[in-house]
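Hi there,

Here is the structure I promised to pass on. Have a look at it first, and my notes follow below.

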Amino acid sequence: MIATYRGQLSPALEDLSSSANLYLHPLEVTDEKAVQSFAASIADHIDVLINNAGVIGPEDQSLTQVTEKDWLETFAVNTIAPLSISRAFLPHLKRSERPRIVTISSMMGSLSDEGTGMYAYRSSKAAVNKVMQVLSLELREDGITVCPVHPGWVQTDMGGANAEITPQASVAGIIALVDKLTLDMSGQFYTWEGKEHPW
């Protein structure tokens, strides 16, 4: 298993790497050259690619305060990077017998969600949902399943301590979903519980 991280490697990640079959690699997902170089360094095939890097964006994303710069930075990580990474690893996925691309999205990117504010975050997630839907159509002939997934409101630095579920519960649900994904399910938006989510 291969995982990437940005910034300093935390002691918890170091412990996880030493105790599990896990290779950790630093990666800035918005650096296209770094992404290409990383992909070129991987010789094996890839069965499952999970685009998990994401940012919530600026603290104040209200109608009057969100700036173009902050908006573009949020899009760079949440929308453009998942496509860039998926594209870089297509040769590895095509060598797999059951290739899958899962991109962590959010219910806040659903057009059926009527929340206000958070313009940069909401729009970046809505956009990545569409990117993954288009990618699913283009990669169907290659047998590659592509799905965005809402991970739930998770107790992380981004979700906060009052969030509904633990990271462990979210991860367990996403793993179960990934295990059952088939090409017939490609292009759908799912929740961490394996249920279809409205676009």
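**Two helices side by side**

Let me start with the contact between α3 and α5: Trp71, Thr74, Phe75, Asn78, Thr79, Pro82, Leu83 and Ser86 in α3 meet Tyr119, Ala120, Tyr121, Ser123, Ser124, Lys125, Ala127, Val128, Val131, Met132 and Leu135 in α5. Please keep in mind that this is a predicted model. The axes of α3 and α5 lie 8 Å apart, and the packing angle is about 20°. Angles under 35 degrees count as roughly parallel, so α3 is roughly parallel to α5. The crossing of these two helices, α3 and α5, is right-handed.

**The sheet**

Next, the strands. Four of them form an open sheet in the order β3-β4-β5-β6, and the pairing is parallel. β3 (48-51) and β6 (190-191) are the edge strands; each has a single partner, so one side of each has no neighbour in the sheet. β5 (residues 145-150) pairs with β6 over 2 bridges, and Thr191 in β6 is the bridge partner of His150.

Helices pack on this sheet too. α5 touches β4 (100-104) and β5, and its direction makes about 160° with that of β5. α6 (residues 167-180) touches β3, β4, β5 and β6, with its direction at about 150° to that of β4.

In soluble globular proteins, nonpolar side chains tend to be buried together. Here the largest nonpolar core has 22 residues, and the members that touch the most others are Leu49, Phe89, Leu93, Ile101, Leu139, Ile144 and Val146. At least two residues of this core come from each of α2 (32-41), α3 (68-88), α4 (90-94) and α5 (119-139). There is also a second, separate core of 13 residues, with Ile104, Cys147, Val149 and Leu177 among them.

Leaving aside neighbours within four places in sequence, Ile144 is in contact with Leu90, Leu93, Lys94, Pro99, Ile101, Leu139, Leu183 and Ser186.

**Leu183**

One of those contacts, Leu183, sits in the loop between α6 and β6. Is Leu183 buried, partly exposed or exposed? Its relative accessibility is 28%, so Leu183 counts as partly exposed. Not counting residues up to four places away in sequence, Leu183 touches Arg140, Gly143, Ile144 and Thr145. Leu183 and Lys195 are 12 residues apart in sequence, and their C-alpha atoms are 16 Å apart in space.

Best wishes

Methods
Residues are numbered from 1 along each chain as its sequence is written. This is a predicted model: local features need pLDDT of at least 70, side-chain atom pairs count only at pLDDT 80 or more; totals for chains, interfaces and linings use all residues. Side-chain values use heavy atoms; hydrogens and water are left out. A nonpolar core is a set of buried Ala, Val, Leu, Ile, Met, Phe, Trp, Tyr and Cys residues joined through side-chain atoms within 4.5 Å. Buried means under 20% relative accessible area, exposed over 50%, partly exposed in between (1.4 Å probe, protein chains only). Helices (H or I, at least four residues) and strands (E, at least two) are DSSP runs, numbered from the N terminus. Contact means heavy atoms within 4.5 Å. Two strands pair if DSSP finds at least two bridges between them. Axes are lines fitted to C-alpha atoms, for helices over the stretch in contact, and angles run from 0 to 180 degrees between N-to-C directions. Angles under 35 degrees count as roughly parallel, over 145 as roughly antiparallel, 65 to 115 as roughly perpendicular and the rest as oblique. A crossing is left-handed if the near helix is turned anticlockwise from the far one by less than a right angle, and right-handed if clockwise.
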